Amino acid sequence: MNAGAGIGERERTTRLRPRAWTELLLVLGLFLAYKIGRLAVDGRVGAAFADADLIWQIERALRLPDEDSVQHVLLSAEALVRAANVFYAVVHFPATIAFLVFMYWFRPEHYIRFRRILAWLTAIGLAIHFVFPLAPPRMIRGLGLIDTAAAYGPSVYGPPQTDTLSNQYAAMPSLHVGWALVIAAGLIHATRSRWRWLWLAHPLVTMLVVAGTANHYWLDGVVAAILVGVLLVATSRQEHPSPSVPVQVRRTGDGTREAVVNTAAVIVHTAEGGVQPAKP
């Protein structure tokens, strides 16, 4: 009976998992849209610096701590600031890809929901980049912040005037923080380990890194967190719950045991939209 249940569960998991090649194309399209979209909204330099002044004033009005408080800690040790620069440069995309692969292969009942959240978050982020270009704090003189990547390396950006590979005026919202929050939320939701809440360290470290390296303001992360929260609520019903078919074990007259399916419960489960019974 256990073997049969295991086979049934594997068959159901296979049905829930979308075709690999279509998902590969979709995910590649997501990353391509992220890169091309950021370039497409580039060029509004004056507005980006005006918006930067506005964000800085709002943060001070809200009494948020200065970003230089985190940068001061990073600059206390060259190894620490270099580690932060490496984290910013190399963790963002590989971590997201690894998350999608894990969810696709091991948690397919949750995969589509969180892939959609990432896609919608990216699309909304690109729209905000267009209507609200924002120069990062590393570009603003007078804030007491330095471009840690340019000073210590490694850096993923060239001079803004000649950089044709990225839009450096797209700080709001921080998709580094947003994607990290989706990863943490997905793994906390899809796993059952008592240690799963430690995944919250990923967006926390990401927020400290993007602020400490002067690539983002606190509000960039706050807005990203709000968007992720809204998308989590909006997609809360877009999952495939794991069905449980009630099974009772009874002893027969000759002393052996046999499994009996609770037929009434199966009928109720089916009526509620559960697994359909196999046809004879």
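Me: Is Thr191 buried or exposed?
Reply: Buried: in this predicted model, Thr191 has a relative accessible area of 12%, and the cut-off for buried is under 20%.

Me: Where does Thr191 lie?
Reply: Thr191 is in the loop between α9 and α10.

Me: And what is Thr191 in contact with, leaving aside neighbours within four places in sequence?
Reply: Phe102, Arg107 and Arg196.

Me: OK, on to α10. How far apart are its end C-alpha atoms?
Reply: They are 16 Å apart. That agrees with what you'd expect, because twelve residues (201-212) at 1.5 Å a residue should span 16 Å.

Me: Which residues of α10 are buried?
Reply: His202, Pro203, Thr206, Met207, Val209, Val210, Ala211 and Gly212.

Me: What covers them?
Reply: The cover includes α4 (68-74), α5 (78-90) and α6 (92-106), plus α8 (148-152), α9 (175-190) and α11 (218-234).

Me: What about phi at Ala214, which follows α10?
Reply: Phi of Ala214 is positive, near 65°.

Me: Switching to the surface: which residues make the nonpolar patch?
Reply: Leu54, Ile58 and Leu62 make a patch of about 260 Å². Leu54 belongs to helix α3, residues 45-61.

Me: Why would residues four places apart point the same way in a helix?
Reply: An α-helix has 3.6 residues a turn, so residues three or four places apart point the same way.

Notes
Residues numbered from 1 in each chain as written. Predicted model: local features only at pLDDT ≥ 70, side-chain atom pairs only at ≥ 80, totals over all residues. Heavy atoms only, no water. Helix = DSSP H or I, 4+ residues; strand = E, 2+ residues; numbered from the N terminus. Expected span 1.5 Å × (residues − 1). Buried < 20%, exposed > 50% of the residue type's maximum accessible area, 1.4 Å probe, protein only. Contact = heavy atoms within 4.5 Å. Patch = residues over 30% accessible without salt bridge, like charges linked within 9 Å, V, L, I, M, F, W, Y side chains within 5 Å. Areas by Shrake-Rupley, 256 points an atom, 1.4 Å probe, with all protein chains shown as cover. Salt bridge = Lys/Arg side-chain N within 4 Å of Asp/Glu carboxyl O.
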